[in-house]
Amino acid sequence: MSVDLSVEFCGVKLENPFILAPSPSTDQLERLIQAFDAGWAGAVLKTVAVDSSIVSRVFPLVMSIDQSGAFIGLQNIDLVSEHSVEEVEQTVRTLKKRYPNKIVIPSIMANTKDDWQSLAKRFVNAGADIIECSIWFPHGAEWGLCATAQEPVGTEQIARWVKEVAGNVPVVIKLSAQDSDIIATAVAVERSGADGVCAINTIKSITGVNLDTLIPYPNVAGLSTYGGLSGPALKPIALRCTAEIAQKVDLDIASSGGITTWQDAAEFLLLGASSLQICTAVLRYGYGIIAELRLGLGNWMEEKGFQSLAEVIGRSLPYLVEHSQLPRGIQFVSQIRAEVCDGCGTCVTACLTGGNDAIIWRDGLPQVIMNKCIGCGICRSMCSVKAINLVRPSLK
Ligand SMILES: Cc1cc2nc3c(=O)[nH]c(=O)nc-3n(C[C@H](O)[C@H](O)[C@H](O)COP(=O)(O)O)c2cc1C
């Protein structure tokens with residue numbers, strides 16, 4: 001692999017775009033050492049508050065969200081780090097001494113100007129490369145460690161406070177897609193003079209309900225609560241936020257939300273991310289996934305003729321337009337590949353309930369009535385064996 005995976009994020013050089021997102025996998029020094037040795041470019045440490053001792057974690061901490069046996073997401077009810085600020089400062093010092101080229105990013109959370117500024121100053125002094133501000137956490141705001149909702153005015157204020165004391169150390173604000181308008185908040189962050197945003201944090205959710213006990217998941221000794229959704233289910237929302245921020249705001253973006261494979265990584269970069277924060281995939285597959293992420297991304301870049309990430313970042317944004325700007329009057333029709341079709345009939349149902357009735361049964365297989373098909377794509381989306389293509393009638 002000869003392509004260069006290094007990238008600049010908020011003026012800081014990363015050896016590759018892959019950073020560990022804050023979670024239990026970034027809360028122990030020995031684990032971080034293992035991750036850095038495996039090839040991660042850096043880590044955002046588990047969020048720390050001035051007085052973490054006022055929160056107490058409960059278990060189980062996470063629940064998987066599965067659909068038809070496939071893992072589609074994770075819900076967590078984790079809170080901030082149980083380490084003291086002194087312990088996290090020491091972790092920053094140790095990591096920076098041992099790995100001067102890796103990027104160490106403390107994540108801080110506070111409720112008052114004094115606390116935001118004292119935490120930021122302490123970590124700048126400890127040698128942080130970047131300070132990330134976790135302005136609220138979707139499922140834990142009631143603990144009083146941070147704001148109870150993300151909104152532009154308060155976020156801008158926090159960003160200004162931290163920027164005021166951070167000196168040359170870049171400041172990144174971690175945003176949520178849950179409250180307010182994430183774009184309005186990102187614009188407010190830009191106004192504050194902060195250097196970047198991380199998009200997105202988890203989204204408040206409920207995993208499901210146990211139909212025997214009637215208790216929602218996760219069951220914590222008979223009771224449950226709301227949690228934060230992460231993993232593949234979050235990816236489409238995180239992609240949208242990345243692209244929309246990239247199109248409307250002049251800030252560096254660290255994307256977070258459902259990045260599992262090198263293909264996911266490439267998609268986020270193409271939509272404007274200049275660094276990638278990964279959590280759930282690391283909890284599921286281990287720190288070792290970094291090898292595959294780097295190799296896969298590098299090979300794809302080489303195949304596409306990209307020499308550097310600067311050529312990749314934001315490359316797909318010009319194709320994203322408003323709905324009214326999409327081309328009109330171009331006809332597509334469905335084409336069923338008989339050699340792939342398993343005759344399950346899902347497309348017949350989908351076409352009928354989708355309002356068309358353009359697919360009928362003929363000789364035991366579904367067949368498209370060309371002059372009735374409007375090319376809506378519902379049959380293609382529902383076909384589990386991928387037997388349907390949309391084609392231009394003239395190209396059939
Ligand atoms: C168990 C767990 C703990 C987390 N703790 C934090 C945290 O302390 N601070 C924070 O900003 N985000 C935290 N997150 C959110 C992740 O950093 C990340 O933004 C989110 O999970 C989306 O990325 P993913 O889909 O790769 O997991 C946590 C996520 C999980 C699953």
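Modeller: A residue is near a molecule if its C-beta atom, placed from the backbone, lies within 6 Å of it. The model is a predicted one. There are 29 residues around the ligand, and those that come nearest are Ala21, Thr47, Ser230, Cys279 and Thr280. Two or more residues of this shell come from each of strand 7 (70–76), strand 16 (275–278) and helix 8 (280–285). By class, the shell around the ligand holds 12 nonpolar, 14 polar and three charged residues.

Three bridges join strand 13 to strand 14 (residues 227–230) in the antiparallel sense. Lys204 has Gly228 in strand 14 as its bridge partner. Ser230, one of the residues that come nearest to the ligand, falls within the range of strand 14.

Next, the helix pair. Helix 2 (residues 85–98) packs with helix 3 (residues 113–126) at an angle of about 30°, and their axes are 9 Å apart. Angles under 35 degrees count as roughly parallel, and helix 2 and helix 3 are therefore roughly parallel to each other. The crossing of helix 2 past helix 3 is right-handed. In the contact, Val85, Glu89, Val92 and Arg93 of helix 2 meet Leu119, Arg122, Phe123 and Ala126 of helix 3. By class, this contact has five nonpolar, no polar and three charged residues.

Conventions:
Residues are numbered from 1 along each chain as its sequence is written. This is a predicted model: local features need pLDDT of at least 70, side-chain atom pairs count only at pLDDT 80 or more; totals for chains, interfaces and linings use all residues. Two strands pair if DSSP finds at least two bridges between them. Helices (H or I, at least four residues) and strands (E, at least two) are DSSP runs, numbered from the N terminus. Ala, Val, Leu, Ile, Met, Phe, Trp, Tyr, Cys and Pro count as nonpolar, Asp, Glu, Lys and Arg as charged, and the others, Gly among them, as polar. Axes are lines fitted to C-alpha atoms, for helices over the stretch in contact, and angles run from 0 to 180 degrees between N-to-C directions. Angles under 35 degrees count as roughly parallel, over 145 as roughly antiparallel, 65 to 115 as roughly perpendicular and the rest as oblique. A crossing is left-handed if the near helix is turned anticlockwise from the far one by less than a right angle, and right-handed if clockwise. Two residues are in contact if their C-beta atoms, placed from the backbone, lie within 7 Å.
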